Amino acid sequence: MKHPPYHLRVNKAIDRFLLMEILDILKRHCDLSDYTYYGFGGPLLEDCRLIHNRCPEIKIVSIEKNEQTLKRQKFHRFSKTLGLVHTDFASFLANFSSNGREIFWLDYTDLKFGHFEDFMSVLGKVSEESVVKITVRAEPPEKEWEEFQREYDQVLPSSAKRTAIKRPVLFAKLLQEMIHIASQQALPASGESVFQLLDSSYYSDQTQMASITGIVCREREVSEIKHWFQGWQFANLTWQEPREIDVPILSTKERLHLEKYMPTKSKTGRSLSRALGYRIDDKGPRHIEKLRQYEEFYQYYPYFARVSI
Amino acid sequence: MTKNKYDTVDATPVKSFFVDMLTRDIELVDAILDLLDNCVDGILRQKKNSSGATPYEGYEAEIKFDASSFSISDNCGGIPWSLHEYAFRMGKAAENRDSDLPTVGVYGIGMKRAIFKIGRQCLISTKNEEDCYKVEITPEWIEQSDNWKLPVFPVSELSQLPKEDGTTIEIGELHQGIATRFGEDNADFTRELVRKIQTHYAFIMAKGFRVKVNGQRVEPKPTKLIFVETENEQGTDTAIRPYIYDTEIDGVSVFLSVGFTRPIPSQEEINQEQEEKRYSSLDAGWTIICNDRAVLYCDRTELTGWGEAGVPRYHTQFISISGIVEFQCNDASKLPTTTTKRGIDASSSLYLQVKNKMRDGMKVFTNFTNQWKGKGNESKQYIDRGSPLALDEIKTKSSEKLKLNSVRSGLRGKQFMPKLPRPKPEPSSKRRISYTRELEEIETVKEYLLGEQEGSPSRVGEECFDMILEEAR
C-alpha cells in the first residue's frame, strides 16, 4: 500500500485546478447540484476536498478497494455528505447506472489496457453533459514495441511508430491519440452522444502522466459546448497536441517577488527571468521555459509550507 | 375463351435489392477489402499467374477518404472493354469466370456492393492498353428501377489519359453513417481498416503489392511460427518446429502449418490475463488464406477446430499457438469461403476434411502446453532457440530441410510431425504447492522478504517456504 505524496505534487495540483476551471465554466450553463463526482480519492481525499470547497453543491463519492486506505479516508472525511464506497472499480462500474449527471476522474497511477476499457465503459454509462477525465502513467514503457502493440492494439492509431514509445513527449502524444480512438469506439459519431475533448495535458512530478478531460454530449450540442469553452485559455477542443505542464519549484520568497510582475503581457518567461536576475535551470532555454510555464499557471500554483502543530 | 390468369410471374430483379439489401450483409471494412481484391484480380489477369516470390511487385493501390468522398486507385491493369460485361453487371455469369486464374471473385458483386455500401454517386475511370473509359453511377440512376444501363464516356484526350493501366473509383454523396466514420470517427476507422489490411493482405503485400491509406503506407503483419534450425545437443531431431501438412484435392492445393508464435505463458501471466484483460489483440488461433487473401484471422472457435474432437477449448494458456491454412485454386468457386469472402463456409466438404488435419496439428501443441504447464520458464529456453518464420519461409523449409511423410488414412497428402521436447519426469518425491492470496498481501510479504528487489508472486511463495523450512529444520 504505497501512496505517492499526491498533495505535494505541483504539476498534478495544476491539473486538478484545470478540472476546477472546467467546472466553473460548466456552472455558468448547467446546474451543478445535478452532478455527482466519482473519483479515487486516495488516503487524503485531495481531489474530493478541492471539489467540495469549490463547488459544495456537487455530491462526492470516492471509490476505494483497499480496506486500510478506506479507514484512512474515513479519518480524513471532510463532509458528512461524502460517500465512501468500498469496492474495486470494475465491480463499481458493473453495478453503476447513471442518476443525474456525473463527473468521473479515472485517476490511475499506472498504464494498462484495462484502463482504456474502464474509460470506454464509463463513456457508455454516463449521462449527457457529464465530464470524464482520465489520467494515466505516460512514462515510455520498458517493453518491446511488438508487446506494446499486442497489449494496446485495439486503441493504437494506425500511424503509430515504434519510436513513439521511446520518447516521453511522443509517448504522451500517442496516449492522447489512443484515448481519442477509445472515445470514438465507445461513442461513435453515428450514435446519439459523442465525447468532446476539453483539455489535454501531460506533466511530470518525477513520473510523467497524461491527463485528458472531455464532456459527453449530444452530437448536435457539440458546437454549443465548444462555444462555452472557446474563451478558456487552456481549452483543447480539436485534439491538438497535448499541453505540457512543467512549472518550476520556487521558494515562497521567490514567488512573492515575482508576483509584482504578474500578469505579464507577453508570457515569454523573459521578463520574469530579468526580475529574478539568475537562472533556475542550468540550461538557458529550459530556464526561460520554466518561467514561461510559471507565468501561465501561477494562479493555480499551490503553496506548500511546513507547519508545526 | 377465357385468358389463363396463371400466365407468368415477374421475376425481374429489383434494383433496390442490390442497392439497399445486399449491402447489409457486409461490413464497411470488408467492402473496401473487396475493392482491393479487385485490384489483385486485375494483376492476375494481366500477369496470368501468381507464382514466384514477388509476383505483385510494382503494383499498388491507394485508398483515400474523408467526410465527403472515398476513392481507390490502382495501377493493376484496368478493366479491358471486353470484360465490361462482368465488371459492371450485377452478378457474374458462370461462363465468364476467370477459369484459369487464382482470383477470389466468384459472384461478380464485390465492386458494386462496395460502391452502394459507401455512397450514391460514383465515377469509375479505367485504362487498359487501348481502352480508356469512364462509367458513372448517379443517384438518379439508382432511383430508376427499370433502367439497368449505365452511361459510358470514352476518354481520348491525351491530357486525361492516365500514365499507367489501372482503375480509379471515386465515390461521392456518402451515406450518413459512412460519412461520420470517414470524418468524425476517422482515427478509429483508419486504425480498423489499416489493421485489417495488415493482417488480411499480409501475404499479398509480402509478395510485393503495396497499399496506401490516406497517404500512409500499410506494412504487412504476417503470422510467424517459431522454427528451430538446429536439432538438440543429443543429436536427436527433437526441436520446436511447426506441424506441416501439404496436399492437393480436386484441383485445390492446401498447405497447413501450426506451431508456436512465442514462449508458452507462465501461470502468473495466465492468472493476470484471466483477472484483467492484458492483451487487446492476440496472435493466437487460425488464419485461413484463400488465393493469397486471408478470409479468417486468428480464429479461436469451433469453426477452426478448437473445443472439438479431443482438442481443448481455447484458453489463455494456449495464447502461443497459431496456425495458418492456405488454399490455392484457379477456380475460386472451389474455395471454402462465404460470399463475403471474409469467412469460411463451415459446411464445405473440403474444409471439413482439412479441419481434421488442423486439429491433428493443434493437438501436438496443446499437448506440449499441458505437459509444460507450470514450467513456462523451463520450456521457454527451447522456444527461444528458434526464429519466427512466415508461411513462405516455412514452405521453403518443408521442401528443403524437413522430411514429410505420406499420410495413409483419411485425406491423403504429406505431413511433418515435429518432435517437441518433453519435460523430464518430476522425481516422485516432489510435489507442487500453489495457492492464491490478495495482491496487497503478497506485496507486503515481498517488501518484507525481498525489499526493493523485483520478485514474482511465485518467487515470494518459494522464499516463504524456504524461510520456514530453515526454521523448521
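**Entry 1: α2 and α4 of chain B**

I began with the contact of two helices in chain B: Leu28(B), Ala31(B), Ile32(B), Asp34(B), Leu35(B), Asp37(B) and Asn38(B) of α2(B) meet Gly110(B), Met111(B), Arg113(B), Ala114(B) and Lys117(B) of α4(B). Contact here requires C-beta atoms, placed from the backbone, to lie within 7 Å. By class I find six nonpolar, two polar and four charged residues in the contact of α2(B) with α4(B). Nonpolar covers Ala, Val, Leu, Ile, Met, Phe, Trp, Tyr, Cys and Pro, charged covers Asp, Glu, Lys and Arg, and polar covers the others, Gly among them.

I note for the record that this is a predicted model, in which local features need pLDDT of at least 70 and side-chain atom pairs count only at pLDDT 80 or more, while totals for chains, interfaces and linings use all residues. Residues are numbered from 1 along each chain as its sequence is written, and chains are lettered from A and ligands numbered from 1 in the order in which they are written.

I then looked up the geometry. α2 (residues 28-47) and α4 (residues 110-118) of chain B pack at about 140°, and their axes are 9 Å apart. Axes are lines fitted to C-alpha atoms, for helices over the stretch in contact, and angles run from 0 to 180 degrees between N-to-C directions. α2(B) and α4(B) are therefore oblique to each other; angles under 35 degrees count as roughly parallel, over 145 as roughly antiparallel, 65 to 115 as roughly perpendicular and the rest as oblique. Their crossing is left-handed, meaning that the near helix is turned anticlockwise from the far one by less than a right angle, with clockwise giving right-handed.

**Entry 2: α2 and α7 of chain B**

For α2(B) and α7(B) I read an angle of about 50° and axes 10 Å apart. That angle makes α2(B) oblique to α7(B). The crossing of α2(B) with α7(B) is right-handed. Val29(B), Ile32(B) and Leu33(B) of α2(B) touch Glu192(B), Leu193(B), Lys196(B) and His200(B) of α7(B). I count these by class as four nonpolar, one polar and two charged residues.

**Entry 3: the sheet of chain B**

I traced an open sheet of eight strands with mixed pairing, in the order β5-β4-β3-β6-β2-β1-β7-β8 (chain B). Helices (H or I, at least four residues) and strands (E, at least two) are DSSP runs, numbered from the N terminus; two strands pair if DSSP finds at least two bridges between them. β3 (residues 119-128) and β6 (residues 166-174) of chain B run antiparallel over eight bridges, and Thr126(B) stands opposite Thr167(B) in β6(B). α4(B) lies across β2 (70-74), β3, β4 (131-137) and β6 of chain B, at about 30° to β6(B).

**Entry 4: chain A**

The sheet of chain A is open, with eight strands in the order β3-β2-β1-β4-β5-β7-β6-β8 (chain A) and mixed pairing. β3 (83-86) and β8 (243-245) of chain A are at the edges with a single partner strand each, so one side of each has no neighbour in the sheet. β4 (residues 101-107) and β5 (residues 130-137) of chain A pair in the parallel sense over five bridges. Trp105(A) has Lys133(A) in β5(A) as its bridge partner.

**Entry 5: between the chains**

I find 19 residues from chain B and 24 residues from chain A in the contact. On the chain B side, α7(B) gives the most, with six residues.
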